[in-house]
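Good morning, and thank you for coming.

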Amino acid sequence: PMLVAVIGGQLAPLAQGTIDEQQFRQLTEQVIQAATSAGMVGRAEPVMVEVSSEEPVGPDPRTVEAEKLMDAGKFDEAVAAYDALLASEPNDPVLIAGRNGA
């Protein structure tokens with residue numbers, strides 16, 4: 001793995017390989033200092049997304065049938081199932097990824 005930052009449109013290589021939390025914190029401070037030196041100042045507002053505990057968690061109901069076909073080794077049928085779903089939602093990343101995996 002390689003960690004890079006983009007500061008002012010320029011790539012800044014930070015680390016190669018795995019790093020521990022302390023190294024990550026040091027690199028983060030360096031990036032902040034470099035960004036500030038490059039004139040990038042400001043503060044991003046946090047984005048809060050409230051998730052209801054009542055929302056069901058589990059597989060995407062749209063893809064259950066296609067996933068069953070894949071599990072059964074029926075890859076051509078799974079691709080056809082994803083193609084049918086993509087006909088109505090052609091830019092859906094979940095469906096695209098599912099089809100590519102079939």
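Which backbone nitrogen does the side chain of Asp-92 reach? The side chain of Asp-92 reaches that of Val-94, at 2.9 Å. A polar contact is a pair of N or O atoms within 3.5 Å; within protein, one must be able to donate a hydrogen and the other to accept it, and residues adjacent in sequence count only if both atoms are side-chain atoms.

This is a predicted model, in which local features need pLDDT of at least 70 and side-chain atom pairs pLDDT 80 or more, while totals for chains, interfaces and linings use all residues. Residues are numbered from 1 along each chain as its sequence is written, and side-chain values use heavy atoms, without hydrogens and water.

Asp-92 lies in the loop between helix H3 (75–88) and helix H4 (93–101); helices are DSSP runs of H or I, at least four residues, numbered from the N terminus. Asp-92 counts as buried because its relative accessibility is 14%, where buried means under 20% (1.4 Å probe, protein chains only). A second polar contact, of 2.8 Å, joins the side chains of Asp-92 and Arg-62. Beyond its neighbours within four places in sequence, Asp-92 is in contact with Arg-62 and Leu-86, contact meaning heavy atoms within 4.5 Å.

I turn now to the helix pair. In H2, Ala-66, Glu-67, Leu-69 and Met-70 meet Phe-75, Glu-77, Ala-78, Ala-81 and Tyr-82 of H3. By class, this contact has seven nonpolar, no polar and two charged residues; Ala, Val, Leu, Ile, Met, Phe, Trp, Tyr, Cys and Pro count as nonpolar, Asp, Glu, Lys and Arg as charged, and the others, Gly among them, as polar.

Note on methods. Helices (H or I, at least four residues) and strands (E, at least two) are DSSP runs, numbered from the N terminus. Buried means under 20% relative accessible area, exposed over 50%, partly exposed in between (1.4 Å probe, protein chains only).
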